[in-house]
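Subject: A structure for you to look at

Hello,

Here is the model I promised to send over. Please open it first, and then read my notes below alongside it.

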Amino acid sequence: MTTSRSVLLVAAIVGTDLLAMLAGSDELAAQAAAALVTWFVVPGLWVAATLANPDRRRLAIGVVSALTLAVLLGGGLNGGILASLTIAGVGGGWLLQRQWRVVPLLAVTSLLLIPNVVLPMAGTSFSEVATEQMHYLREQYEVQIPESMSPGDREAALTAFDEIADRSRRMVDRFWPSLVLAGLISQTAMFLLAGWGLARATGAATMRIARSPLAEWRAPFASVWVLIGGLAMSLVGRGDAAVIGWNLVAVAGTFLVIQGLGVQVWLVRRVLPLVGQILFWVLGALFFAPALIGGGALIGLADQWMDLRRLRRPPENDDRT
């Protein structure tokens, strides 16, 4: 057990500093390789190291040592990004040890990743970054158009691309906070699972993740009021108020969709055999995904008041006196 703890802590330190060295390299291939894996590997290793090392002083020394060397090897910007990822990994591992439920665990750990998003932008707004990416994609698209295409067809193709790009930019302008939040939560879920799995596989941690089965999961009732307030702001507000409203609708709606899907899972299990359940979800995912998601939001909203699964009621056949 002691060996596993030491190995995981050393692996976290070495992994962090190796990626810092690659990110600070003059070689474009090395920088690209670091960018592809750093966001996942570094926090995952630190989750495992945190779960494996109850000695907080030892862990703190490891973190300070790794980040000091990371700044020297990769520079200030890369060091700051790695610091955000390291702190998120350590914080997520600490919350896992305390058996936090999934939603608050993901929410708090995701907040620790915000510097990882903000620092590379260097003061540039998310909308400006998206616009620059669209310009780059347009240049690449224009280069790939066959030379044999007539000028009229070429212009029509570029016009169609511009229309799609314009719609995409408007959507990004409206929903970019939700898009960033969804990305951070996805990243957090992946590195928490990876770090926990690594610690379990090495025998350094035996705790389990505290979670509720989907068929029994309920969104906080506050989601309903967030949804109502977001709708009001998006329909009545202007400018930033409307953007905030639309993103509140997206976040609250996501919670209610998940709850609605949980109700559907619960119902399908009650009325269909295993083969029927598999067919229901396969066909639903392939052909009726919009209906499942849209219906899930309505069902989740109804379940907040009607308690369709009777999760808040005592069992009917309770023989205790």
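Let me begin with a helix pair: α4 and α7 are roughly perpendicular to each other, a label used for angles of 65 to 115 degrees, with under 35 degrees counting as roughly parallel, over 145 as roughly antiparallel and the rest as oblique. The axes of α4 (residues 102–111) and α7 (residues 151–201) cross at roughly 105° and come within 9 Å. Axes here are lines fitted to C-alpha atoms, for helices over the stretch in contact, and angles run from 0 to 180 degrees between N-to-C directions. On the α4 side, the contact (heavy atoms within 4.5 Å) is made by Leu 105, Leu 106, Thr 109 and Ser 110. From α7 come Leu 184, Ile 185, Thr 188, Ala 189, Phe 191 and Leu 192. By class, this contact has 7 nonpolar, 3 polar and no charged residues; Ala, Val, Leu, Ile, Met, Phe, Trp, Tyr, Cys and Pro count as nonpolar, Asp, Glu, Lys and Arg as charged, and the others, Gly among them, as polar.

A word on conventions. This is a predicted model, in which local features need pLDDT of at least 70 and side-chain atom pairs count only at pLDDT 80 or more, while totals for chains, interfaces and linings use all residues. Residues are numbered from 1 along each chain as its sequence is written, and side-chain values use heavy atoms, with hydrogens and water left out.

Now the overall picture. The protein has 11 helices and 0 strands, where helices (H or I, at least four residues) and strands (E, at least two) are DSSP runs numbered from the N terminus. Along the principal axes, its C-alpha atoms fill a box of roughly 70 × 70 × 45 Å. Of the 321 residues, 34% count as buried, meaning under 20% relative accessible area, with exposed being over 50% and partly exposed in between (1.4 Å probe, protein chains only). Among contacts between residues at least 6 apart in sequence, 73% join residues at least 24 apart.

The largest nonpolar core has 38 residues, of which Trp 46, Leu 51, Leu 96 and Leu 192 touch the most other members. Such a core is a set of buried Ala, Val, Leu, Ile, Met, Phe, Trp, Tyr and Cys residues joined through side-chain atoms within 4.5 Å. The elements giving two or more residues to this core are α1 (2–23), α2 (28–52), α3 (56–97), α4 and α7. Helix α3 gives the most, with 13 residues.

Asp 307, in the segment after α11 (289–306), has a phi of about 50° and counts as buried at 5%. As background, most residues other than glycine have a negative phi.

Arg 56, in helix α3, is partly exposed at 31%. Not counting residues up to four places away in sequence, Arg 56 touches Thr 50, Trp 94, Gln 97 and Arg 98. Its C-alpha atom is separated by 18 Å from that of Leu 85, 29 residues apart along the chain. In helix α11, Ala 302 is partly exposed at 25%; the C-alpha atoms of Ala 302 and Leu 256, 46 residues apart along the chain, are separated by 9.4 Å.
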